Amino acid sequence: MKGDKIMSLFTGAMRLHVDGRKDLTNHTELVKIAAGKKVYIPLVNMNSVKVDVLVNEGDHVYVGQKIAVRNDHFTVPLFSSVSGTVAGKEKRMHSCCKLMEHLVIENDGLYEKKFDMEPLDPETATVDELVTFMTNMGLVGCGGAGFPTYVKYKGVKGIHTLIINGVECEPYITADYRAIELHTDLLIKGTKTMKKMCGATKAVIAIKESKKELIEQVQNALKDVEGVELCAVPDVYPMGWERTLVYQVCNVRYEKLPSEVGIVVDNATTAIAFAKCLTTGEPIVDKYVTFSGEALNHPANVLVPVGVPVGDIIAELGGFNTEECYLIAGGPMMGRTIPMDKFVVHPYMNAVTVLKYEPTETLGCLRCGRCVDYCPSGLQPVRINTANKIKDVDMLEQLSVMSCIECGMCTYVCPSHIQVTEGIRKAKATFMAAPKKKGGKK
Amino acid sequence: MKFVFNPSPNYHSGSSTREIMNELSCGLLAVFAFSVVNQAVQHGIGNVIHLCVMMAAGVATAILTELAWAKWVLKTEPVAYVKSSFGWITAIILVMMMPINMSIYPVIVGTIFAIVIGKLVFGGFGSNIFNPAAAGCAVIFSYFSTSRAADIVTSATPTSLISGSFGWVVSDPAVANQFLSQFGGLGGLAVGFYDGSIGETCALLLLVVGVVLSVVDCIDWRIPTFYLGAIFVFSWIYGAVLGMGMWYPVFHLLTGGAVFGAVFMLTDPVTNPTTFAGKVVFSIGAALLTVLIRVRGSLPEGVLYSILLMNMLVPWIERVCSGIQYKDIKKYTLITVVTFLAGCALMFGVGIAKKNQLAETAVTANNNIAVVETMTVTE
C-alpha cells in the first residue's frame with residue numbers, strides 16, 4: 001500500500017504504484033494471428049453508432065478500403081481489414097458490453113491491398129493537409145478511448161507542448177511497450193509530425209521509469225532529433241491519465257481539456273499508427289493487442305487484423321486454464337468484463353485480460369479515507385457513495401460526482417473490498433436522472 | 001467455460017480491513033503488556049490479576065453482546081457477524097481508559113453501553129458517529145465514578161494531583177520540581193511507571209506504537225501529530241502567561257491519556273473526517289478542547305470529552321471539506337490557520353483571566369492577613 005506516497009498535508013497521493021504483472025507478456029514472442037473465414041468490423045466509434053455504411057452486400061472489398069464512416073459531429077472512417085466479399089450486417093457483442101451492428105466480410109485469404117489515400121511526406125505537407133490526411137485515415141486514440149485524433153489538431157492555437165503518452169499504466173498491458181520497441185523510428189516520425197501540426201515548440205515522450213531498456217532504446221534514437229525529449233515518469237497508476245500525466249510533466253492542472261494550458265496529449269501507438277499511415281497510406285487494419293492474465297495458458301502480445309473475434313484468438317493462443325474467469329476487454333482496472341468471448345478486436349483495443357475468478361468477502365466501510373487519499377481526481381468516493389444512498393443530489397453536486405473518471409482506484413485500495421467505483425457509477429446515474437435546479441450551476 | 005460478470009475494476013491491492021484491525025489489536029496488546037508490567041512492578045500480583053480480569057470481562061462482554069445482537073436482533077449468522085464487527089477493539093480501548101482500581105461490573109455495563117448504544121444501534125461497524133469506547137467511558141465516569149474494587153493498591157495519578165491540588169497551575173518552580181519529582185521528573189512520566197489510567201502511562205511506548213501503526217498505514221500520521229503538536233502549543237501559551245516553564249506543555253502531553261487518545265481514539269477512522277484537511281482541523285479542535293477542559297473545566301481530564309465533542313462536529317467538518325481536494329488547498333490552509341490562531345488567542349485570554357483571578361485571590365488573602373495582623377496589634 002505504500003510505494004509512491006507524496007507527503008502533502010491537505011491532499012492525498014492521488015496515485016499509487018500498482019503491481020503491473022507486465023512480466024507475463026513483456027518478453028514473450030509476438031504472435032501473429034491471421035483472420036479466419038469471416039471478420040466483423042464494428043460499426044461504432046466510441047459511443048456513437050451513427051455510422052453510414054458505404055458498401056453493399058456482395059461487394060468486393062480490399063484491405064484498407066473505406067467501408068463505413070461515422071457521421072455526426074465527428075468524422076471517422078472505418079476500414080476493411082481483409083480482402084473479400086461483404087456478407088451483410090450482424091448484431092454482435094461489442095467490447096463495450098452491448099450488442100452492436102457489425103459489418104461481416106468474408107475473407108478470401110488474398111489480402112489484396114488498395115488504399116484510398118496516397119502516402120504523404122510530413123516534411124513538405126502543410127498543416128491543413130496533414131489534418132485532412134489524419135481525418136481521412138480515421139486515426140483514433142489508441143490508448144483505449146477511441147477519440148478521433150484530428151479533433152485535437154484542427155485549428156488549435158497557443159500550444160507549446162505535445163506530450164506523447166507511452167506510459168501504459170494499466171496492469172498486464174504491454175502492447176504499447178511492444179509497439180514502441182518495434183517501431184521506435186515510426187514513433188519519432190509520428191511525434192515530429194504531430195508536433196508540427198499543433199505548433200508546439202517541444203514534444204515530450206513519457207515512458208515509465210521502470211522500463212529501463214525501452215528508455216535507453218528511445219533515448220538513443222532521439223540523439224539527433226531536435227525538440228523531442230524523453231521524460232521518465234514514476235511507475236504509478238494512473239500515470240497514463242491525461243490530467244495526471246500533464247501534472248507530472250508540466251506541473252499544471254486544467255479544467256476540461258489540456259489545450260487550455262497549451263498542451264496536447266496523444267498516445268504513443270497513435271503516433272506510430274499515424275506515421276505508418278504517412279509512410280504507406282495504410283490505415284489501422286491490424287493492432288498489437290496484449291492477451292494476458294493468470295487464467296490464460298499462454299499470455300502473449302499478438303498482431304491481429306481488426307475484426308477477429310477474441311475467442312478465436314484465445315483458442316489459437318492455447319486457451320484458458322480455468323473453468324470460471326473474468327474476461328476483460330482492456331486492462332483489469334478500467335476494462336469491462338464481457339460475459340461472452342464473441343466480441344472482436346477493434347481499432348482502439350489494446351488488451352484483453354483474463355483473470356481467475358476469485359470470490360471476495362465484503363466488510364463494512366470503516367471510512368478509512370484511502371479512496372480519498374488515492375483518488376486521482378481528488379474526490380471523496382466514500383462520501384459520494386453515502387450521499388447516493390440517501391439520494392442527496394445537492395451533496396452529489398458539491399462532491400463533483402461527474403469529475404470521476406472511473407479509473408477503479410477506489411475499489412482497488414478499499415480494504416473492505418467494497419465496489420466503490422461501481423457505487424460512483426450509480427451515483428452518476430442518480431445525478432443525471434435528477435431534475436436540474438432552475439438557474440443552478442451546471 | 002464460464003465468463004463471470006463483475007463491474008470494473010477487477011484488480012485489488014490486497015489490503016484488508018481485517019489486517020488493519022489486527023495491526024491495531026497488536027498495538028493495543030503491546031500497550032496492555034506494559035500495563036501488566038507496570039502493575040506488577042508497582043503493586044504486585046494482586047493488581048495484575050485484577051487487570052487481567054477487567055480485560056477478560058471487557059472483551060468477553062463485547063463479544064457476547066455482539067453475538068446476542070446478531071442472533072436475536074439482526075437474526076444473522078452470529079459468529080460471522082462478530083468476526084467482521086471488531087467489538088473487542090472497543091472493549092480493549094475502554095478497559096485501557098479505566099483506572100486500575102475500577103471494579104468489574106462498571107466495566108461490563110460500560111462495555112455493553114459502548115457496544116450497543118455506541119455502535120450497534122447506529123448500524124454496526126462503520127456507522128457509529130461517536131467513538132464507542134469513549135462513549136462507554138463517559139458512562140462509567142458519570143455513573144460509577146466512585147465504584148472501586150477492594151484490595152487494589154493504587155496511588156494518586158499526576159492528573160488527579162495537578163487538577164485537585166493545584167488547579168493545573170504550578171507557577172512556583174520549586175513546587176513544580178517537587179511535584180514532578182514524585183513521578184521521577186518528566187523523564188519518569190514518559191517512561192510510565194506510575195499510576196494513571198491503565199493504558200495511558202507510558203508515553204514513549206505509545207509514541208513508538210503510533211509511529212509503527214502510521215508506517216504500516218493503519219492510522220494517519222496527521223492526527224496524532226497535529227493533536228499533540230497543538231496541545232503542546234496551546235498549553236505552552238497558557239503556561240507562559242502564568243509564568244510556567246517548558247515543563248508545563250510537556251507535562252500536558254505526557255499525562256492524562258493525551259498520547260493514548262491521539263494514537264488509538266482520535267485516529268478511529270469511523271469517527272473522524274475522511275479528508276486530510278478535515279483530519280487536521282479535527283485534531284486541532286480536539287487539542288483545544290482537551291486543554292480547555294483540563295485548565296478551566298470541572299473535570300480533571302479532557303481527552304475523552306474532547307474526542308466525543310469533536311465527533312459531533314465531524315459531519316460539519318466533512319461538509320466544509322467537500323469537493324475536489326486539490327482545488328481548495330487555499331481554503332483548507334486558511335481554515336487550519338484560523339482555527340489554530342483562534343485557539344492560541346483563546347488560550348492566551350484564558351491564561352490572562354486565570355492570572356487576574358489568581359492575583360485577586362492573592363490580594364484578598366493578603367488583606368485577610370493584614371486585617372488579622374491589625375487585630376493582633378490592636379489587642
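In this predicted model, strands β7 (residues 84-93) and β8 of chain A pair in the antiparallel sense, and eight bridges join them. Within that pairing, A:Thr85 has A:Glu106 of β8(A) as its bridge partner. The two strands form a hairpin with five residues between them. In the turn, A:Cys97 has a positive phi of about 70°.

Strand β8(A), which spans residues 99-107, also pairs with strand β2 (residues 38-42) of chain A. These strands run antiparallel as well, with five bridges between them. One of the paired positions is A:Pro42, whose bridge partner in β8(A) is A:His102.

I turn now to helix packing in chain A. Helix α3 (residues 175-182) packs against helix α5 (residues 212-221) at an angle of about 35°, and their axes lie 10 Å apart. The crossing of α3(A) past α5(A) is left-handed. On the α3(A) side, the contact is made by A:Tyr177, A:Ile180 and A:Glu181. On the α5(A) side, A:Leu214, A:Gln217 and A:Val218 take part.

Next, the interface between the chains. Chain A contributes 54 residues to the contact, and chain B contributes 38 residues. On the chain B side, β1 (2-3), α1 (17-43), α14 (276-296) and α16 (329-378) each supply at least two residues. Of the elements on that side, α14(B) gives the most, with three residues. The chain B side that touches chain A comprises 18 nonpolar, 16 polar and four charged residues.

Strand pairing also links the two chains. Strand β15 (residues 324-329) of chain A and β1(B) pair in the parallel sense, over two bridges. Here A:Glu324 stands opposite B:Lys2 of β1(B).

Chain B itself is divided into domain 1 (17-143) and domain 2 (158-194 + 200-363). Taken over C-alpha atoms, the centres of these two domains of chain B are separated by 24 Å. Their contact takes 24 residues from domain 1 and 21 residues from domain 2. Which elements supply at least two residues each to the domain 1 side? They are α1, α4 (87-96) and α6 (132-143) of chain B. Among the elements of this side, α1(B) gives the most, with 11 residues. The domain 1 side divides into 17 nonpolar residues, six polar and one charged.

Finally, I consider B:Val241, which is found in helix α11 (residues 222-241) of chain B. B:Val241 is partly exposed because 17 other C-beta atoms lie within 10 Å, a count between the limits of 12 for exposed and 20 for buried. Which residues does B:Val241 contact, leaving aside its neighbours within four places in sequence? The partners are B:Phe348, B:Gly351, B:Ile352 and B:Lys355. For B:Gly351, the C-alpha atom is separated from that of B:Val241 by 5.6 Å, with the two residues 110 apart along the chain.

Terms used:
Residues are numbered from 1 along each chain as its sequence is written. Chains are lettered from A and ligands numbered from 1 in the order in which they are written. This is a predicted model: local features need pLDDT of at least 70, side-chain atom pairs count only at pLDDT 80 or more; totals for chains, interfaces and linings use all residues. Two residues are in contact if their C-beta atoms, placed from the backbone, lie within 7 Å. Helices (H or I, at least four residues) and strands (E, at least two) are DSSP runs, numbered from the N terminus. Ala, Val, Leu, Ile, Met, Phe, Trp, Tyr, Cys and Pro count as nonpolar, Asp, Glu, Lys and Arg as charged, and the others, Gly among them, as polar. Two strands pair if DSSP finds at least two bridges between them. Domain bounds come from an automatic or database domain assignment. Axes are lines fitted to C-alpha atoms, for helices over the stretch in contact, and angles run from 0 to 180 degrees between N-to-C directions. A crossing is left-handed if the near helix is turned anticlockwise from the far one by less than a right angle, and right-handed if clockwise.
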